[in-house]
Amino acid sequence: MFEFYDVKYKDVLDLPKLEIKQEEITTFIGASGSGKTTILRMLNKLISPTQGRIIFNGTDLRQINSVAHRRTVSMLSQSPAIFDGSIRDNLNVGLRFQERELARDKDLNHILEQVKLNKPLEASANTLSGGEKQRLALGRILLLNSKVYLLDEPSSALDDETEEMIIQMLTEHVKREKKTIVMVTHSKAIAEKYSDTIIEISKGRCLTWRCNDERNN
């Protein structure tokens, strides 16, 4: 799906070759500042390599319209934006930005169930805790129904029990819907349990890269 060829970004990344496969969960691990988030930002066309090429489904990313690309590839940042207004407003904001039909309350409540957020749609989003805001933003991303989800520490603000439930839900969702996740996580345990491929980044370079075959045996 994504292929890197001699990709560099300033003095942050140096990736001669890297492949991210379709309909799999690929997880990047590594120390803070190693370049993991930079990779996600390049995959979403928020920044461009200073050298090299990134290919998406056979086409150079530079030749793909950024707005069109983000309809297919959605990114959840580590500190996602929460907008003034209700939970309903915040769930629908991505659809509104993409000029798509807004979701029915029935569908919004289903999303809230998926992300374990037991709140009424009319409640103010500004009253939510940090973990609740992260789950709200995750629900907003899922509502877009993109083919690819780029998730930067999607469970960093969650307690261990909630983290396990959310990551398991995501895993089941992408497998069932034949989607792709590219995720950054601080948790090696989560990476080991749920990833198809784990890529360790150190000082901007690919340190290790392995398929997590043992998980399915």
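E132 sits at 17% relative accessibility, so it counts as buried (under 20% relative accessible area, with exposed over 50% and partly exposed in between, using a 1.4 Å probe and protein chains only). Keep in mind that this is a predicted model, where local features need pLDDT of at least 70, side-chain atom pairs count only at pLDDT 80 or more, and totals for chains, interfaces and linings use all residues. Residues are numbered from 1 along each chain as its sequence is written, and side-chain values use heavy atoms, leaving out hydrogens and water.

**Salt bridges**

- There are 8 salt bridges in the structure, each a side-chain nitrogen of Lys or Arg within 4 Å of a carboxyl oxygen of Asp or Glu.
- One of them pairs E132 with K119 at 3.7 Å, N to O.
- E132 is in helix α5 (residues 130-143) and K119 in the loop between α4 and α5, 13 residues apart; helices here are DSSP runs (H or I, at least four residues) and strands likewise (E, at least two), numbered from the N terminus.
- K119 is partly exposed, at 31% relative accessibility.

**Around helix α6**

- E164 bridges to K193, with the closest N and O atoms 2.5 Å apart.
- That pair connects helix α6 (residues 160-177) to helix α7 (residues 188-194), 29 residues apart.
- E164 is partly exposed at 26%, and K193 is partly exposed at 44%.
- D196 and K175 also form a salt bridge, at 2.7 Å, N to O.
- D196 lies in the loop between α7 and β9 (197-202) and K175 in helix α6, so this pair ties together parts 21 residues apart in sequence.
- D196 counts as buried at 12% relative accessibility, while K175 is partly exposed at 36%.
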